[in-house]
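This report is meant for a reader meeting the structure for the first time. Please look over the sequence and the model, and then follow the text from single residues to the packing of helices.

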Amino acid sequence: MKTYLGYGTGDFGLNIYWNALSLILVFWYAEVVGLSPDAAGLIYFIGMAWDAVSDVVIANLTQRTRTRYGTYRPYLVIGGVILGAAFVLLFWVPPLEGWILMVALAMAHILFRLAYTIVAVPYSALASRLSFDSRERTVLSGTRMAFAFLGLLAVSGLWFPIVRFFGDGTDESPTGFLVAALLGGIIATIALQACFL
């Protein structure tokens, strides 16, 4: 049970990040930062295109890793901290304008996607090392999906109340978004550290 819950906790953290990315980021770019929908979509596309490259590279790298903590677990600790910082950076508005702002936001998005890949790819592969029994892997997957759903509920239910509480009472507060990202990053990082343990 400890292994199941520990493994599932990691997906809670990852889904705080993934659901914020999926549900909120384009709104952030368009409504808070003030980019056109085309520009917001372009930045999002650039991040997805980067994923197509980085996923393969990180998968090959992690497969070759050998430490006293195993092949995949060290990425949860080191990558988890980097991922938390990159998540906060993703929801920060740099004091720039025009195309320089777009480049800065695209670079932050690429950094976040890379950090996410550094954690998520080895995390996903970890189940195959935790058990060779197909029934246990099924329970691991089910537990993981339950925690992923909790991550979805946390983001969809709490993000905008946090933005309003710490911002100016609206859904478009840059300060509120930064605080929501900071809180989400802290909670997700703790979840990934717990998964490592």
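In which helix is the place of arginine 113? The model is a predicted one, and in it arginine 113 has its place in helix α5. Arginine 113 has a relative accessible area of 3%, and because buried means under 20%, arginine 113 counts as buried. When its neighbours within four places in sequence are left aside, arginine 113 is in contact with Trp18, Leu21, Tyr44, Gly47, Met48, Trp50 and Asp51.

**How the helices pack**

Two packed helices are described by the angle between their axes and the distance between the axes.

| Helix pair | Angle between axes | Distance between axes |
|---|---|---|
| α1 and α5 | roughly 155° | within 11 Å |
| α1 and α6 | about 40° | 7 Å |
| α5 and α6 | about 150° | 9 Å |

The axes of helix α1, which covers residues 2–23, and helix α5, which covers residues 98–130, cross at roughly 155° and come within 11 Å. That angle makes α1 roughly antiparallel to α5, and the crossing of α1 and α5 is left-handed. On the side of α1, the contact is made by Thr3, Tyr7, Gly8, Gly10, Asp11, Leu14, Tyr17, Trp18 and Leu21, while α5 contributes His109, Phe112, Arg113, Tyr116, Val119, Ala120, Tyr123, Ser124, Leu126, Ala127 and Leu130. Sorted by class, the residues of the contact of α1 with α5 divide into 13 nonpolar, five polar and two charged.

The residues of the contact of α1 with α6 divide into 17 nonpolar, eight polar and three charged.

The contact is made by Tyr123, Ser124, Ala127, Ser128 and Leu130 of α5, together with Arg137, Leu140 and Arg144 of α6. By class, the contact of α5 with α6 has four nonpolar, two polar and two charged residues.

**Helix α7 and what covers it**

Helix α7, residues 174–196, has 23 residues and reaches 33 Å from its first C-alpha to its last, close to the 33 Å expected at 1.5 Å a residue. Which residues of α7 are buried? They are Gly176, Phe177, Ala180, Ala181, Gly184, Gly185, Ala188, Thr189, Ala191, Leu192, Cys195 and Phe196. What covers these buried residues of α7 includes α1, α2 (25–33), α4 (73–90), α5 and α6 (134–166).

Threonine 189, found in helix α7, is buried with a relative accessible area of 15%. Not counting residues up to four places away in sequence, threonine 189 touches Tyr17, Gly80, Val81 and Gly84. One of these, valine 81, is found in helix α4, and valine 81 is in contact with Thr189 and Gln193 when its neighbours within four places in sequence are left aside. By contrast, the C-alpha atoms of valine 81 and serine 134, which are 53 residues apart along the chain, are separated by 32 Å.

**Two partly exposed glycines**

Glycine 41 has its place in helix α3, residues 37–63, and at 32% relative accessibility glycine 41 counts as partly exposed. Glycine 41 and valine 26 are 15 residues apart in sequence and 7.0 Å apart in space, C-alpha to C-alpha.

Where does glycine 70 lie? Glycine 70 lies in the loop between α3 and α4, and at 26% relative accessibility glycine 70 counts as partly exposed. The C-alpha atoms of glycine 70 and alanine 59, 11 residues apart along the chain, are separated by 15 Å.

Technical notes. Residues are numbered from 1 along each chain as its sequence is written. This is a predicted model: local features need pLDDT of at least 70, side-chain atom pairs count only at pLDDT 80 or more; totals for chains, interfaces and linings use all residues. Side-chain values use heavy atoms; hydrogens and water are left out. Axes are lines fitted to C-alpha atoms, for helices over the stretch in contact, and angles run from 0 to 180 degrees between N-to-C directions. Helices (H or I, at least four residues) and strands (E, at least two) are DSSP runs, numbered from the N terminus. Angles under 35 degrees count as roughly parallel, over 145 as roughly antiparallel, 65 to 115 as roughly perpendicular and the rest as oblique. A crossing is left-handed if the near helix is turned anticlockwise from the far one by less than a right angle, and right-handed if clockwise. Contact means heavy atoms within 4.5 Å. Ala, Val, Leu, Ile, Met, Phe, Trp, Tyr, Cys and Pro count as nonpolar, Asp, Glu, Lys and Arg as charged, and the others, Gly among them, as polar. The expected span of a helix is 1.5 Å times one less than its number of residues. Buried means under 20% relative accessible area, exposed over 50%, partly exposed in between (1.4 Å probe, protein chains only).
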